[in-house]
Amino acid sequence: MVGWQNYRISSFLGNKKGHSNNSNENSGRGSNSHDDNAPHTTVNDAIQDDMELDYLEGMGSNSSYNIAGAVNLDAVGDSSGTDNHNGLSMASDASNKLHPKHFLTHHDSTNNMKLVNGSMFEGTKILDIESNSESDATDEAWIIEKNNDIPDGGFDAWLVVFGSFLGLVPVYGLFNSLGALESYINKNQLVNEELSTTSWIFSIFLAVSCFSTILTGGYFDRNGSVVPYISGTILFLSGLIATANCTKVWHFVLAFSLTTALGSGMLITPLVGCVATWFLKKRGIASCLATIGGSVGGVIFPIMLRKLYVEVGFIWAIRIFALVCGACLTASAFLAKERGKEDAEPFNSRKEMISWYLTSSLNWRYFLEPKFLFTALASALAESSLTASSTYLTSYSIFKGNSENTAYTMSAVLNAVGILGRYIPGYLADKYVGRFNIAVITITASALVNLIIWLPFGGHSNALWAYIIIYGFFSGSVLSLAPPCVGQISLTNDFGKRFSTVFFTEGLVTIPIIPICGAIIGQATDKSYNNFIIFTSMLMLAAAALYFMARYSVVGFKFIKF
């Protein structure tokens with residue numbers, strides 16, 4: 001069995017290639033003899049910088065480790081089972097810097113190694129020992145991970161993805177169907193209320209859904225998904241059933257914006273987090289396939305509700321909707337399970353337990369990492385823009401002269417196209433382009449489609465249909481790529497906490513966004529809707545810029561898969 005041995009990076013060197021044949025220089029712990037002009041550096045050089053490096057022992061004698069960047073290594077402790085002739089050869093010059101907390105991890109059961117960066121990586125080259133061929137550093141080479149037990153596939157793993165898919169049909173599906181609820185209650189129960197007032201119902205719903213994820217993030221990482229999943233399901237369904245009987249704004253706020261939203265937020269972390277525990281390299285495509293459930297729900301629910309409103313009325317329409325959601329969540333409970341966790345060490349006191357959950361649920365220190373800060377803000381702005389657009393799209397379509405049936409169909413088509421918009425970018429992100437790169441491209445395209453098609457030509461029915469198809473595709477990745485982007489800059493064991501913190505940030509941003517959009521639309525004129533389109537487009541462009549800044553904080557302007 002190959003074991004782990006700790007080493008530390010000592011210093012940056014110049015461009016030195018080749019191998020030393022002088023084994024005497026390589027022997028002896030703590031040897032400080034080093035020639036700056038020597039062609040080779042060994043693991044016994046003096047330590048100058050205190051940077052951690054994990055080193056895989058068990059390699060054969062005379063093995064050399066090809067690492068991007070020029071560094072010296074020195075063993076911390078004995079290198080049991082490792083020949084002293086093991087050395088280091090350079091894959092790039094000193095301009096390609098190696099930053100703190102890099103890791104070496106093995107590919108598989110063979111004695112192959114690969115550089116994995118846990119902090120910052122400037123796109124240097126990696127020489128893969130298995131194939132001995134040079135390739136660009138990928139996002140996989142940057143992930144903070146040395147857990148090689150993650151299966152990244154298999155029947156059980158894909159069954160979990162299917163379970164997550166079923167659970168996200170009602171959870172994310174409701175997010176994508178808010179327009180079907182908003183347009184109905186504004187014309188019936190709340191017909192006498194201002195749009196800027198009723199918009200608070202949906203703003204609070206989205207904000208509470210995001211805020212409440214922090215209640216389950218730390219618990220999920222420590223104890224698993226059972227308790228938050230059951231609690232979230234009960235609250236989610238209870239809130240929907242209560243929503244059926246609402247007639248006033250405060251009724252909707254209590255039942256829908258608070259109770260349903262609280263349950264929704266408690267469900268998001270275990271449903272998304274369970275997938276992250278089964279996948280690493282394929283996390284992008286796995287997460288995208290799971291979140292397709294939201295698009296499926298967004299296709300089915302608006303059409304279903306529209307038909308039920310006419311046939312059985314609002315009350316029974318919402319009750320039947322709750323029954324469908326309950327069936328999906330029940331099936332998901334048996335399938336969407338995280339990989340087995342080690343039993344957590346018991347707390348010494350209730351005070352310690354409360355302190356741990358409070359500090360782990362929302363760790364402000366995460367925001368001291370530029371890559372995390374930019375990613376959280378980017379995800380928040382992109383989702384706020386997408387939610388605002390989809391919420392008011394139905395009302396916009398009716399305002400432009402389309403029938404209610406056509407308007408609801410447009411909402412369904414938007415989500416149907418989003419299925420491809422989730423899968424294809426996720427596949428390309430994992431296989432070729434990189435998750436952050438795809439996020440920048442698709443979100444920028446979403447903003448441009450708003451400005452080029454929706455803004456000038458939205459009043460034309462054919463142009464509006466073209467817009468819905470194109471926008472639905474590009475915006476589909478907003479929700480699906482956020483989890484793998486967060487996972488790329490997080491350890492799997494910390495994913496729940498960091499992902500819930502991102503959602504908390506989204507809640508802070510969402511609180512003012514939807515009411516602002518409602519106020520911009522106001523009395524619903526051509527000018528006000530145009531201002532609304534411009535506003536949501538600027539949010540998308542800002543999100544794309546922030547995703548790019550997150551990428552730049554890690555790899556700079558390097559044209560690499562990230």
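**Aromatic pairs, core and helix packing in the predicted model**

A search across the whole structure, which is a predicted model, finds 29 aromatic pairs. One of them joins F301 and F321: the ring centres lie 4.7 Å apart and the planes meet at 80 degrees, so the pair is edge-to-face. F301 belongs to helix α7 (residues 283–311) and F321 to helix α8 (residues 313–335), so the contact ties together parts that are 20 residues apart in sequence. Both F301 and F321 are buried. Elsewhere, ring pairs link Y392, Y396, F399, W454, Y467, Y471, Y529 and F532 into a cluster.

Two arginines also deserve a look for their placement against aromatic rings. R222 lies over the face of F347, at 3.8 Å from the ring centre. R498 takes up a position over the face of Y366, at 4.9 Å from the ring centre.

The largest nonpolar core holds 121 residues, and the members that touch the most others are Y172, I185, I201, F256, F532 and Y547. The biggest contribution to this core comes from helix α6 (residues 249–276), with 13 residues. Domain 1 (151–339) and domain 2 (362–561) both supply residues, so the core lies between them. In soluble globular proteins, nonpolar side chains tend to be buried together. For I201, the contacts beyond four places in sequence are I185, L190, V249, F252, V253, F256 and S257. Among these partners, I185 and F256 are themselves listed with the core members that touch the most others.

The protein chain contains 17 helices and 10 strands. Of its 562 residues, 57% count as buried. Its accessible surface comes to about 22,200 Å², and carbon and sulfur atoms account for 60% of that area. Among contacts between residues at least 6 apart in sequence, 79% join residues at least 24 apart.

The buried residues are I214, T216, G217, G218, F220, D221 and R222. R222, then, is the arginine that lies over the face of F347 and is also buried within α4. After α4 comes G224, with a positive phi near 105 degrees.

Y357 brings another helix into this picture. This tyrosine is found in helix α9 (residues 350–361) and is buried, with a relative accessible area of 19%; the cut-off for burial is under 20%. Although Y357 and G218 are 139 residues apart along the chain, their C-alpha atoms are separated by 6.1 Å. Setting aside neighbours within four places in sequence, Y357 is in contact with G218, Y219, R222, N223 and F347.

T391 sits in helix α10 (residues 370–399) and, at 2% relative accessibility, counts as buried. Beyond four places in sequence, T391 touches L178, G179 and E182. N437 lies in helix α12 (residues 435–457) and also counts as buried, at 12% relative accessibility. The contacts of N437, not counting residues up to four places away in sequence, are R551, I560, K561 and F562.

D152 has a phi near 60 degrees, a positive value in a residue other than glycine. D152 lies in the loop between β10 (133–136) and α1 (155–175), where it is buried, with a relative accessible area of 14%. A524 likewise has a positive phi of about 60 degrees although it is not a glycine. A524 is placed in the loop between α16 (495–521) and α17 (526–555). At 24% relative accessibility, A524 counts as partly exposed, whereas D152 is buried.

Notes: Residues are numbered from 1 along each chain as its sequence is written. This is a predicted model: local features need pLDDT of at least 70, side-chain atom pairs count only at pLDDT 80 or more; totals for chains, interfaces and linings use all residues. Side-chain values use heavy atoms; hydrogens and water are left out. Rings of Phe, Tyr and Trp (its six-membered ring) pair if their centres lie within 6.5 Å; planes under 30 degrees apart count as stacked, over 60 as edge-to-face and the rest as tilted. Helices (H or I, at least four residues) and strands (E, at least two) are DSSP runs, numbered from the N terminus. Buried means under 20% relative accessible area, exposed over 50%, partly exposed in between (1.4 Å probe, protein chains only). A charge sits over a ring if NZ of Lys or CZ of Arg is within 6 Å of the ring centre and within 35 degrees of the ring normal. A nonpolar core is a set of buried Ala, Val, Leu, Ile, Met, Phe, Trp, Tyr and Cys residues joined through side-chain atoms within 4.5 Å. Domain bounds come from an automatic or database domain assignment. Contact means heavy atoms within 4.5 Å. Accessible areas come from the Shrake-Rupley method with a 1.4 Å probe; for residues, only the protein chains shown count as cover.
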